[in-house]
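Here is a friendly walk through one chain and the way it meets its neighbour. Have the sequence and the 3D view open as you read.

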Amino acid sequence: MNLKTAADVLHQYEKYGLNLYEVGLKYEHKQSDIDNDTIYKLMLQQWLVMKEAINQGMDESNPQIKGKIIQREAYKLKANIGTGKSICGETTTKAMAYALSTMEVNISMGRIVAAPTAGASGVLPGTLKAIQEANHFNDDQIIEALFAAGVVGMIIAKQASISGAKGGCQAEIGTASAMAAASVVYLMGGSIHQAFDAAAIAINNLMGLICDPVAGLVEVPCHKRNAIGASNALICAEMVLAGMPSIIPFDEVVIAMKQVGDLMPACHRETATGGIAITKTAKKYEKEIMTYHVN
Amino acid sequence: MEQYSIFDIIGPTMVGPSSSHTAGAAKVAYICRKIFGRPIKKATFYLHGSFADTYQGHGTDKALVGGVCGMKPDDPRIADAFAVASDQGIQISFYKKDLGEVHPNTVKIVFEDYEGYSQEMVGSSIGGGKAKIIAIDEIDVSITGRYATMIAQHIDLPGFVANISQILANNNINIAFMKLFRETKGERAVIVIETDDTIPEEALMQIEALRNLNKLTFFEAIT
């Protein structure tokens, strides 16, 4: 089964009437030879781990949540909801909080699901958990949305890259955000074309984002970039579902993203030798952390 | 173009923080432990490239020690791997070393058992939590753990491959991939056979009885 581009996916839709979830399931069955029921259960397992990570990070009393720079923070965002001081609205604020929560577990060597990478592991679960709570979707619907997200991410992986070391942060947070945007459109009953449009806009919005981890750690700016990835997914889905299409088709946007990644200098691709990683304060952290390590 | 599973994108489930520096490292060490296949007294790690530069920040050291103790990349005990190694009586040491023209995330692990038998392996974390063992006792190999894997270290003499194939065929085992690696003609060689199904004990015993076999290991696919 050929699944390298959005055009290939749309072919499956036009010829066989398959939606994004069904295309994902069919692809996985063909390439792994595992039966559909087992594949579905494997995805359920991923969703359960995702939810568990969100809950662990949200637990204010969890002593295991501790990074080398970032401390437990996500719960503060959720606590802000309903206080009169929250700005972004409940769903968006929750998506940010859950994305950050997952990252706080990841930083603390807790268990997460890479989606598509560990450094961007908060975006998709954070967005899905927030939209689930807002619209009372059941877990079966979320699992379908995860397949939809997987199809979008896989196309980007095949055509461009999902590695920060290769394509910068756009490849990690950008991809995760595109996956989340498509999955939200899927859940909200948008068309397969709208799902790809939302994914295309999500990538456009983060095009060129570099990978510049302070002290080489998956903490600053990675942690908070998961919040922008999640909220970007929601705003892209909202725009598309309101009737604003992507001017540039998804497949062309992905090629553009690859070209931008190929032109990115090494100092902006996860080497911690550019961007905010070389600011005065970043260097101070780097020195402190490395000294701490020698002990 | 690389073949992807949907679960390469929504996955793997892993202990953080980095798929290449944590999950992939644990997987490399886990596969190496399986290949060694004996009680481990000592494991010495030689870290290359990016592994050497950032190993503590990403918990690469804990992940490697965890893998050697038998933890898979999603095992929450990885965070306490050094304590587990100490409980298992495994002596651990780390060195930085330039391993030459290899992937930046590469490690050489030297194992030693209680009888003084030792073996060394080199493995790379090649991205997204995937692993590849690239050398066993200085013979270049390629082992990913994606399939059930049998590794036969032997002396490169005529008929050995035919004998193994015959035993597997007799036991109704379908070979997915078979690769032969050797040093020079007539000397040490390694056969790596990846299969769709598990290889039953009696087939392994028949292979073990073959002349010119030095060591046989088998492990199930590592998900």
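This is a predicted model: local features need pLDDT of at least 70, side-chain atom pairs count only at pLDDT 80 or more; totals for chains, interfaces and linings use all residues.

Let's begin where the chains pair. Strand S1 of chain A, residues 111–113, is joined to S1(B) by 3 bridges, and the two strands run antiparallel. Which residue of S1(B) is the bridge partner of A:Ile112? That partner is B:Met14.

Now for the wider contact. On the chain B side, 28 residues are in contact with 39 residues of chain A. Helix H1 (6–9) and strand S1 (13–15) of chain B each supply at least two residues of the side that touches chain A. Here is how the residues on that side of chain B divide:

| Class of residue | Number in the side of chain B touching chain A |
|---|---|
| Nonpolar | 13 residues |
| Polar | 14 residues |
| Charged | 1 residue |

Next, chain B as a whole. It contains 7 helices and 11 strands. Along the principal axes, its C-alpha atoms fill a box of roughly 50 × 45 × 35 Å. A compact globule of 223 residues would have a radius of gyration near 17 Å, and chain B agrees with this because its own value is 17 Å.

Of the 223 residues in chain B, 46% count as buried. Among contacts in chain B with a separation of 6 or more, 66% come from residues 24 or more positions apart.

Technical notes:
Residues are numbered from 1 along each chain as its sequence is written. Chains are lettered from A and ligands numbered from 1 in the order in which they are written. Helices (H or I, at least four residues) and strands (E, at least two) are DSSP runs, numbered from the N terminus. The radius of gyration is taken over C-alpha atoms; the globule rule is 2.2 Å times the number of residues to the power 0.38. A residue is buried if 20 or more other C-beta atoms lie within 10 Å of its own, exposed if 12 or fewer, and partly exposed in between; C-beta atoms are placed from the backbone. Two residues are in contact if their C-beta atoms, placed from the backbone, lie within 7 Å. Ala, Val, Leu, Ile, Met, Phe, Trp, Tyr, Cys and Pro count as nonpolar, Asp, Glu, Lys and Arg as charged, and the others, Gly among them, as polar. Two strands pair if DSSP finds at least two bridges between them.
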